[in-house]
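Have a look at the fold below before reading on. We'll walk through it piece by piece, from the whole chain down to single side chains.

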Amino acid sequence: MTTAVLLHKTTKHFSIPGIPMWSHAALRNGKPDSPAQLQSLVAIDRVSFSIREGEIFGLVGPSGSGKTTLIRLIATLLQPDAGDIRVFGHDTTRQPIKVQRLINRVSVEASFFKQLSPLENLLYGMQSYGLDETEALWQVVEILTRLGLERGDIHSPMEDLSRGKAQKVVVARALLSRPRLLLLDEPTRGLDMRAKYEVWQIVRELRDLHGMTVLLAVPDREEVDGLCDRIATLENGRIVALDASSSVDLQAKDTYLSMPEESPIFA
């Protein structure tokens, strides 16, 4: 089976204010006892793991544990100070453009054309996906509706939406792009329980129908237990546990929430 993501002793430090930047050049030698390393914040500490193609991989940890830093490293937004990261065989430091063509990332800082509606924003973004206008319109309306946006919200300017509703549009945009690797950094923050589980249902649908690889980061394991194939626990920049998720069935959660079964969007 193809390896989608491979990290080998990946390390990332951040400078502490007041320490000269030139002193941090020593970090690239990877020595744990270098003077610069002793004077910097260790965000990711020699992390190693792999993600198989088509796997839904969970990254769980509290705020400040390093989840966002790790996702930004994989997305080429940051460079590691030591170690290697490869995405479908491409080195994130030496081949960032090739990596960027294979991924999409959801985070809380996503931006839109604020005076345009969710529908207009998403249709604009789908112009490069090769769909005809009717098919694109159907997929956009369907996914926004499944995520809980009312008709009025779909046609209202983004600047008029609440934070929770805007986050649903962020999630919808990433899911519609169908990348080979989808990076989800707390994508359900600000969403109610029904919307959270609808997001995870669509994620599973994308994996099952198209083999998409998914790395998702959340603070609470219970939210994604039963969705992920494996879950890694991150504490203080280190992987402290890596195991299969429990046998809790996501469909049972949907039943509990009395959510009607939906037809697939991406068939």
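This is a predicted model: local features need pLDDT of at least 70, side-chain atom pairs count only at pLDDT 80 or more; totals for chains, interfaces and linings use all residues.

Residues are numbered from 1 along each chain as its sequence is written, and side-chain values use heavy atoms, with hydrogens and water left out.

Let's start with the big picture. Of its 267 residues, 49% are buried, where buried means under 20% relative accessible area, exposed means over 50%, and partly exposed is in between (1.4 Å probe, protein chains only). Take the contacts (heavy atoms within 4.5 Å) with a separation of 6 or more: residues 24 or more positions apart account for 73% of them. The accessible surface comes to about 13,200 Å², and 50% of that belongs to carbon and sulfur atoms. Those areas come from the Shrake-Rupley method with a 1.4 Å probe, and for residues only the protein chains shown count as cover.

Now for the strands. Strands of a sheet pair through backbone hydrogen bonds, either parallel or antiparallel. Here, two strands are said to pair if DSSP finds at least two bridges between them. S5 is joined to S4 (residues 82–87) by two bridges, and Val87 has His90 in S5 as its bridge partner. In the loop between S4 and S5 you'll find Phe88, which has a positive phi of about 50° although it is not a glycine. At 12% relative accessibility, Phe88 counts as buried.

Parallel pairing turns up around S7 (residues 181–185). All five of its five residues are buried, so S7 is largely enclosed by the rest of the structure. Leu181, Leu183 and Asp185 point one way from the strand, and Leu182 and Leu184 point the other way. S7 pairs in the parallel sense with S6 (residues 103–106) over four bridges, and Leu182 stands opposite Asn104 there. S7 also pairs in the parallel sense with S8 (residues 213–218), over five bridges, and Leu181 stands opposite Thr213 in S8. To get from S7 to S8, the chain crosses through helix H8 (residues 193–210), and this β-α-β crossover is right-handed. That handedness means that, with the strands pointing away from the viewer, the path from the first strand over the helix to the second runs clockwise.

Next, helix H2 (residues 67–74). Six of its eight residues are buried, leaving the helix mostly covered; among them are Leu70, Ile71 and Leu73. H2 is followed by Thr76, with a positive phi near 70°. Thr76 lies in the loop between H2 and S4 and counts as buried at 15% relative accessibility.

On to charges. Side chains of opposite charge can pair when their charged atoms come close. A search of the whole structure finds 16 salt bridges, each being a side-chain nitrogen of Lys or Arg within 4 Å of a carboxyl oxygen of Asp or Glu. One of them joins Asp45 and Arg238 (2.6 Å, N to O). Asp45 lies in S2 and Arg238 in S10 (residues 238–244), so the pair ties together parts 193 residues apart in sequence. Asp45 is buried at 11% relative accessibility, whereas Arg238 is partly exposed at 42%. Asp45 and Arg238 are also linked with Arg46 in a network of salt bridges.

Finally, the surface. Phe113, Leu116 and Tyr124 form a nonpolar patch there, with about 310 Å² of accessible area together. Patches are made of residues with over 30% relative accessible area and no salt bridge, with like charges joined within 9 Å and nonpolar side chains (Val, Leu, Ile, Met, Phe, Trp, Tyr) within 5 Å. Tyr124 has its place in helix H4 (residues 118–125).
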